[in-house]
Structures are given as C-alpha cells and as structure tokens.
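Please look over the sequence and the model before reading on.

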Amino acid sequence: MIKTKVSAIILTASLLAVVLFSAGCSSFVPEEDSERITLKYQAGEYVLLDDINRNNVIFSKGSIVKLLVVTGDDWVKIYAYNSTEELLSSVRFLLLYLFEDDFPDEKFSQEFLDAELLKIVRPKGLPEQSPEKSKSSTKKVKK
C-alpha cells in the first residue's frame, strides 16, 4: 500500500512537471507568425541577387525562384526552387537558415528576417537597388 501511494505521488509529480515544462516552453516563431511568413514568402516569385552554389549545382544570378518556408522550435529555413517547377518535384536548395540566436535579443523579428532575405533575393518586378541608392536612402537628415 505504501508503494502504491509513493508511485501515485511520483506519477502525479511527474505529470505536473511535464505540464509546467510544456506551459513554459514556447516556440521561437509563434504559430501565427509562422503561418504569416509562409503565406507571405510562398505567394510570389523572387529573383536571385547572386550566383548560389549548392553541392556543385549553380543557381545563376537573376534566376526566378519561388520560396518554401520551414520553421522549427529555434530556427527558420527558407528554401528556393525554380519557379517553372512544381513544388513537389522541384530541386530545392537552402537559401537562408537562421537560428534563434541570430536574431536581435534572440526573439523572432519579421523585419530582421525580411532584411536578411532581401540580401539574397528581391521580389520579382521590383528593380534591383544599386549600392549607391541603398547608401543614400540610409542617410540621416539633420534638422
């Protein structure tokens, strides 16, 4: 009888610890943000800004690609594939892989993710910015 009570107490304590641990853990990318970035990035076509070499396969600068977003508990991966291919039969390559500690304050930020992605691709239909234009757009105006 004492063994039964001890087993019940241990079981109850274990279940309580699991519930508390689960409640305290949160995904790095909240589910609503994951859905939003998936819809945002997978909706359009993008242009590669530089040649990309993955496993001796070269994806040329200017190639039109579509994106696939995958999120985990502490990372975000964005894959690209040729826009003329169907997703399921496409040859995908890893375009961007960011971990939680890559983000400022180790918190997911849509703005940071956008900025990092725009270093690699630009949305199709938008002109490529020259370095001079991007530098001039960041100058502060003195009052």
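Contact here means heavy atoms within 4.5 Å. Residues 5–26 also have a pLDDT below 50, with zero contacts in the model beyond near neighbours in sequence. Where pLDDT is low, the predicted coordinates should not be read in detail.

This is a predicted model, in which local features need pLDDT of at least 70 and side-chain atom pairs count only at pLDDT 80 or more, while totals for chains, interfaces and linings use all residues. Residues are numbered from 1 along each chain as its sequence is written, and side-chain values use heavy atoms, with hydrogens and water left out.

The protein has an average pLDDT of 76, and 71% of its residues score at least 70. Confidence is lowest in helix α1 (residues 2–24), where the mean is 39, and highest in β1, at 96.

In secondary structure, the protein comes to four helices and seven strands. Helices (H or I, at least four residues) and strands (E, at least two) are DSSP runs, numbered from the N terminus. Read from that end, the elements follow the order α-α-β-β-β-β-β-β-α-β-α. Of contacts between residues at least 6 apart in sequence, 47% join residues at least 24 apart.

Of the 143 residues in the protein, 27% are buried, that is, under 20% relative accessible area, against over 50% for exposed and in between for partly exposed (1.4 Å probe, protein chains only). A nonpolar core is a set of buried Ala, Val, Leu, Ile, Met, Phe, Trp, Tyr and Cys residues joined through side-chain atoms within 4.5 Å. The largest such core has 24 residues, and Y41, L67, I78, L95 and L113 touch the most other members. At least two core residues come from each of α2 (31–42), β1 (46–48), β4 (64–71), β5 (75–82), β6 (93–99) and α3 (110–117). Strand β6 gives the most, with four residues.

Is E116 buried or exposed? E116 is buried because its relative accessible area is 18%. Leaving aside neighbours within four places in sequence, E116 is in contact with L96 and L98. The side chains of E116 and K119 are joined by a polar contact of 2.9 Å.

Definitions and conventions:
pLDDT is the predictor's confidence in each residue, from 0 to 100. A polar contact is a pair of N or O atoms within 3.5 Å; within protein, one must be able to donate a hydrogen and the other to accept it, and residues adjacent in sequence count only if both atoms are side-chain atoms.
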